[in-house]
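Walk through this model with the viewer open.

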Amino acid sequence: MKGGFLKISGIINIRHVPRTGWVLRGVPPAVAETISDHIFLVTLVSLKISEDLMESGFKVDVAKTLVMSLVHDLPEAVTGDIVRYVKEKEPSYFKMVEEKSLESLGMEKYIDLYREFEERKSLESIIVKLSDYLATIIEGRRLIALGYSDVREIVENMENLVKNILESLNNLELKNVVEKTVMNMLKN
């Protein structure tokens, strides 16, 4: 592996880094989910969507989906959780920084998978991106229930992004399966 070995000691930092959006909206760091909490939930949501699609006859590479879920926010072990607004100002710069972060963690073999996630080049990457947004909605609703109502804006933004992904799905059967899974998750 180019660049050395997997740097677990650097990766585990994500266990202690709260997600910035929650903290900026008044959620104490001790209450806010960490990056690793988020990655775990994204992975579970990705698994559920993948299973539902496979049960409906779609071919999903579950291993690829789960690895992509685990890797999607690992650069934040180096960069911290940079808010979406800032990343959107200089997307090519932050893409380069995130890829360098993966290299510094000994995860360079996953850079192509990370790019695929960012560019939504496959069904698996769409599943993970959708799961990323859904996990944020689920956590935001939990925080609202705890009384942190200032996070509503994040939840509403994520709900709009989920709608955009669903609207972009060209295959009607695929869209129906994913939409049903999404609605069932958000019901609970």
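This is a predicted model: local features need pLDDT of at least 70, side-chain atom pairs count only at pLDDT 80 or more; totals for chains, interfaces and linings use all residues.

Residues are numbered from 1 along each chain as its sequence is written, and side-chain values use heavy atoms, with hydrogens and water left out.

Rolling a probe the size of a water molecule over the atoms shows where empty space is left. Here a 1 Å grid is laid over the protein atoms alone; a cavity is a set of points where a 1.4 Å probe fits but cannot get out, and lining residues have an atom within 4 Å of a point. Grid points are joined across faces, edges and corners, and a volume is the space filled by probe spheres set on the points. The count is 1 cavity of 30 Å³ or more. The largest cavity holds about 30 Å³. Its lining consists of Ile49, Leu53, Leu123, Ile126, Ile127, Leu130, Leu169, Leu174 and Val178. By class that is 9 nonpolar, no polar and no charged residues. (Ala, Val, Leu, Ile, Met, Phe, Trp, Tyr, Cys and Pro count as nonpolar; Asp, Glu, Lys and Arg as charged; the others, Gly among them, as polar.) Which helix gives the most to this lining? Helix 9 does, with 4 residues. Helix 3 (35-55), helix 9 (123-145) and helix 11 (172-187) each supply at least two. Helices are DSSP runs (H or I, at least four residues), numbered from the N terminus.

Now the open space. A pocket is an open set of points with protein on both sides within 12 Å along at least five of seven lines. The largest pocket has a volume of about 940 Å³. It is lined by 32 residues, and Ile82, Val83, Arg84, Lys87 and Glu88 are the closest to its centre. Among the elements giving two or more residues to this lining are helix 6 (84-89), helix 7 (91-104) and helix 8 (111-119). The lining divides into 13 nonpolar, 4 polar and 15 charged residues.

Stay with helix 7. Its 14 residues should span 20 Å at 1.5 Å a residue, and its end C-alpha atoms are 20 Å apart, which agrees. (The expected span is 1.5 Å times one less than the number of residues.) Its buried residues are Phe94, Val97, Glu98, Glu99, Ser101 and Leu102. Buried means under 20% relative accessible area, exposed over 50%, and partly exposed in between (1.4 Å probe, protein chains only). These buried residues pack against helix 4 (62-71), helix 5 (76-79), helix 6 and helix 8. Just after helix 7, Gly106 has a positive phi of about 75°.

The model has 1 aromatic pair. Tyr93 and Phe94 form it, edge-to-face, at 5.3 Å centre to centre with 75° between the planes. (Rings of Phe, Tyr and Trp, its six-membered ring, pair if their centres lie within 6.5 Å; planes under 30 degrees apart are stacked, over 60 edge-to-face, the rest tilted.) Tyr93 is partly exposed at 46%, whereas Phe94 is buried at 13%.

Finish with two residues. Thr43, in helix 3, is buried at 13%. Beyond neighbours within four places in sequence, Thr43 is in contact with Leu66, Ser69 and Leu70; contact means heavy atoms within 4.5 Å. Val67 sits in helix 4 and is partly exposed at 29%. Not counting residues up to four places away, Val67 touches Tyr110 and Leu113.

Notes: Ala, Val, Leu, Ile, Met, Phe, Trp, Tyr, Cys and Pro count as nonpolar, Asp, Glu, Lys and Arg as charged, and the others, Gly among them, as polar.
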